[in-house]
Amino acid sequence: MAAGSPAALRAGLIGLGMMGRHHARVLRSLAGVDLVAVADPMGDPHQVAGGLDLHRSVEDLVKVGLDYCVVAVPTAYHEQIGLALADAGVHALIEKPLAPDGDGARRLAETFAARGLVGAVGHIERYNPALQHLRARLEQGELGSVYQVVTRRQGPFPARIADVGVVKDLATHDIDLTAWVTRSRFRSVAARTAFKSGREFEDLVAVVGLLDDGTVTNHLVNWLSPMKERVTIVTGEKGTFVADTLTADLTFHANGTVPTQWGSLAEFRGVSEGDMVRYAIAKPEPLRTEHEAFRDAVLGKPADIVTMAQGLATVAVAEAVIESSSSGRTVDVKLPEVALQSVPTGARA
């Protein structure tokens, strides 16, 4: 089914900023999809519209007739626009985080489920080749038991972000990918934040977490560094995986097998350095993989999307992180329970 054919899905895009222009690029090249309408009340600074009319509101956008819509507006508007799309019967892929707070995220998740619509969240790191291969290898038991997950995410301040702090803008990546890679939910978090740029939101966070399966996690996130880093380190009984999502490289450091001859050291049940392997893996663009998965979900095909229920859980953990940093204590994560249907199939009317 080629783009431009009568059977192609009709897609819309609202939000034409830095992320919106990349969504438009992928939508225009996606097989089986036509980008038919775009909207942004602030205009079109990157000339995304091309030959399309530039709409100013979500209400005008849906009048064009859409099967689904990508939402790339500031976080503060996610709930309002998402609910308007649900009321119009339009499936939606909403950029992360799903909403600025847990209540809004819950309303979105429940509304899309109640209307039998496909709702997904744009946690793009899940589609990074390094993390996808890491998860598959963990599932195959290549690391044995998982002991710890450490993430580091730092870089310069993104001037386009004005309505949330580093926890909800960046740390939500690490919260989501950690739960996804390990297949385990956060049980508790302890966090500290810092405010260094004169804004009302935090610029730096350090989090220690505990997952339901006993895995210990650590997340260092800031937008105060001139050095950009995106690293996930998973340590277990057979060694350590290191996933660099900037380069999409996955490396394995194996535990050594050479016996220790020094008696006093041999009594210590530690590990020694073994072989190191950097895997040769295919590296498709994560954003394209994300769009292909969402397109397939709208068509009723099996697809690995980030559901709104999962997006809601991530927001709940992020709010626990902020609560912990404010109170100075460890906070138990209370993941919301909502009555959600499975991803609908064949929902395109």
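Colleague: Which residues does Y147 touch, leaving out those up to four places away in sequence?

Modeller: This is a predicted model, and in it Y147 touches T215, V216, T235, G236 and E237.

Colleague: Where is Y147 found?

Modeller: Y147 belongs to strand 7.

Colleague: And how far apart are the C-alpha atoms of Y147 and G236?

Modeller: They are separated by 4.9 Å, although the two residues lie 89 residues apart along the chain.

Colleague: Is Y147 exposed or partly exposed, and why?

Modeller: Y147 counts as partly exposed because its relative accessibility is 46%, and exposed would need over 50%.

Colleague: OK, sheets next. What's the strand order in the open sheet of nine strands?

Modeller: The order is 14-13-12-11-7-10-9-8-15, and the pairing is mixed.

Colleague: Which ones are the edge strands?

Modeller: Strand 14 (273–278) and strand 15 (331–332), each of which pairs on one side only.

Colleague: In what sense do strand 13 and strand 14 pair?

Modeller: Antiparallel, over four bridges, with strand 13 covering residues 249–255. In that pairing, H253 stands opposite M276 of strand 14.

Colleague: Which strands does helix 5 lie across?

Modeller: Helix 5 (residues 129–139) lies across strand 7 (146–154), strand 11 (229–236), strand 12 (239–244) and strand 13. Relative to strand 12, helix 5 runs at about 155°.

Colleague: At what angle do helix 5 and helix 6 pack?

Modeller: About 35°, with the axes 9 Å apart; helix 6 is residues 166–182.

Colleague: Which residues meet there?

Modeller: From helix 5 you have L131, Q132, L134, R135 and L138, and they meet L177, W180 and V181 of helix 6. By type, the contact has six nonpolar residues, one polar and one charged.

Colleague: What makes the contact?

Modeller: Helix 3 supplies H78, E79, G82, L83 and A86, while helix 4 supplies G104, R107, L108, T111 and F112. These residues divide into four nonpolar, four polar and two charged.

Colleague: Now the inside. How many residues are in the largest nonpolar core?

Modeller: It has 52, and the ones with the most contacts inside it are L13, I14, L27, Y68, L85 and M308. Strand 2 gives the most to this core, with six residues.

Colleague: What about a second core, which residues does that include?

Modeller: The second one is separate and has 21 residues, including V166, F186, V221 and V317.

Colleague: Which residues of helix 1 are buried?

Modeller: G20, H23, A24, V26 and L27, in a helix that spans residues 18–29. Their cover includes strand 1 (9–14), strand 2 (33–39), strand 4 (68–71), strand 5 (91–95) and helix 8 (286–298).

Colleague: Last one, V71. Where is its place, and why does V71 count as buried?

Modeller: V71 sits in strand 4, and V71 counts as buried because its relative accessibility is 0%.

Colleague: What does V71 touch?

Modeller: Setting aside residues up to four places away in sequence, V71 touches I14, H78, I81, L85, L93, I94 and E95. V71 and L98 are 27 residues apart in sequence, and their C-alpha atoms are 10 Å apart.

Terms used: Residues numbered from 1 in each chain as written. Predicted model: local features only at pLDDT ≥ 70, side-chain atom pairs only at ≥ 80, totals over all residues. Heavy atoms only, no water. Buried < 20%, exposed > 50% of the residue type's maximum accessible area, 1.4 Å probe, protein only. Helix = DSSP H or I, 4+ residues; strand = E, 2+ residues; numbered from the N terminus. Contact = heavy atoms within 4.5 Å. Core = buried A, V, L, I, M, F, W, Y, C linked by side-chain atoms within 4.5 Å. Pairing = 2+ DSSP bridges. Axes fitted to C-alpha atoms, helices over the stretch in contact; angles between N-to-C directions. Nonpolar A, V, L, I, M, F, W, Y, C, P; charged D, E, K, R; others polar.
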